[in-house]
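Have the picture ready and follow along.

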Amino acid sequence: MKNLVIVAVLVLSSAFAKAQGEQIAKELRGYINADVSEEMIEVKDKSGKTHYVKSAKAKTEHHIGGTSTSNSTVVFDAFNVHPEWQDMSVIVDWTGSMYSYVGQVVRWHHVNKDKQLIHNMVLFNDGDDRNRNANSGAKAIGATGGIYHPDHSDIDAFLKTVATAVDNGNGGDGPENDIEAVLASQELCNGQKDFVLIADSSGIRDISLASQIKRPVHIIICDYVTDDYIKLAQMTKGSITWPGGYTDYSGTNCNKRHVHSHDVVCAG
């Protein structure tokens, strides 16, 4: 009887997870395809050259995974003010708290396709819920898994992949496998692309692997900055954008300008 109960719980959990993935995909589709304003945003790049981007903000409020897309526009803000970011490898934390930010990535890309910001995308969910399966063992540094490569240029294929990633896991245990995901993207691009890493303040379990990264990592933190992300930006000569401002660790071509109403801090 006990075994039957366990089987029943596992079946119900699997069915719920699948339904959750489908629901998140549906909410993402609605948000990505939502009407946009005609607003154009004027920005200056690091050299002082003026660029114009289309506002990707939706005219109406949307919710993805229970989170309002209006709560924070930090991804939009970062993409808008970095026209020098082109043909980038974009890596996104795909655990439960981050679903709406992936929507911002793809929505901005589709509204501003001419900017060619994204070369490829990688999502990571920190091990496909391995921590919840007692038979799968601990999460090994560099081999935690839960790495996905969605096709950002094909909405149907993209949503199918993100739904699968939701079904397979949504984090839930603190520090995550950010560097493993960056290295997976680096291998895919043969080390030729700079990175944009979009994450929250959960921390980086595999920060010890950061020395293997060959290109700058430009980090977008969706809440507040923690030491792991500062260390990663410093080591790779990248940058950090967060809702409170922007710090440039490149050590080159950093000038005093404004990023979404905050002064740039040149810390290289």
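How many aromatic pairs does a search of the whole structure find? It turns up three. Keep in mind that this is a predicted model.

**The aromatic cluster**

Ring pairs tie Phe79, Trp85 and Trp108 together into a cluster.

| Aromatic pair | Centre to centre | Angle between planes | Arrangement |
|---|---|---|---|
| Phe79 and Trp85 | 6.4 Å | 80° | edge-to-face |
| Phe79 and Trp108 | 5.3 Å | 70° | edge-to-face |

The pair of Phe79 and Trp108 links distant parts of the chain: Phe79 belongs to helix α2 and Trp108 to helix α3, and they are 29 residues apart.

**The nonpolar cores**

Phe79 shows up again in the largest nonpolar core, which has 42 residues. Along with Val90, Trp94 and Ile198, Phe79 is one of the residues with the most contacts inside that core. Which elements give two or more residues to this core? They are α1 (2-32), α2 (74-80), β5 (88-93), α3 (99-111), β6 (118-124), α4 (155-168) and β8 (195-199).

If you zoom in on Phe79 and skip residues up to four places away in sequence, you'll find that Phe79 touches Trp85, Val105, Trp108, Leu117, Val196, Ile198 and Ile220.

There is also another core, lying apart from the largest one. This other core has 23 residues, and Ala199, Ala210, Val217 and Ile219 are among them.

**One side of a helix**

Now jump to helix α6, residues 227-236, where Tyr229, Leu232, Ala233 and Thr236 are buried. Why do they end up on the same side of α6? They cover an arc of only 95° around the axis, so they sit on the same side of the helix. The general idea is handy: an α-helix has 3.6 residues a turn, so residues three or four places apart point the same way.

And what covers those buried residues of α6? The cover includes α5 (178-188), β8, β9 (217-221) and β10 (239-242).

Just after α6 comes Lys237, with a positive phi of about 55°, even though Lys237 is not a glycine. You can find Lys237 in the loop between α6 and β10.

Asp87 does something along those lines: its phi is near 55°, a positive value in a residue other than glycine. Asp87 sits in the loop between α2 and β5. With a relative accessible area of 33%, Asp87 is partly exposed.

**A charge and some cysteines**

Two last stops. Arg107 lies over the face of Tyr31, at 5.4 Å from the ring centre.

What about the cysteines? Cys189 is buried, with a relative accessible area of 7%, and Cys222 is buried as well, at 8%. The disulfide count for this model comes to zero, because a disulfide needs a pair of cysteine sulfur atoms within 2.5 Å.

Notes: Residues are numbered from 1 along each chain as its sequence is written. This is a predicted model: local features need pLDDT of at least 70, side-chain atom pairs count only at pLDDT 80 or more; totals for chains, interfaces and linings use all residues. Side-chain values use heavy atoms; hydrogens and water are left out. Buried means under 20% relative accessible area, exposed over 50%, partly exposed in between (1.4 Å probe, protein chains only). A nonpolar core is a set of buried Ala, Val, Leu, Ile, Met, Phe, Trp, Tyr and Cys residues joined through side-chain atoms within 4.5 Å. Helices (H or I, at least four residues) and strands (E, at least two) are DSSP runs, numbered from the N terminus. Contact means heavy atoms within 4.5 Å. Rings of Phe, Tyr and Trp (its six-membered ring) pair if their centres lie within 6.5 Å; planes under 30 degrees apart count as stacked, over 60 as edge-to-face and the rest as tilted. A charge sits over a ring if NZ of Lys or CZ of Arg is within 6 Å of the ring centre and within 35 degrees of the ring normal. The arc is that of the directions from the helix axis to the C-beta atoms.
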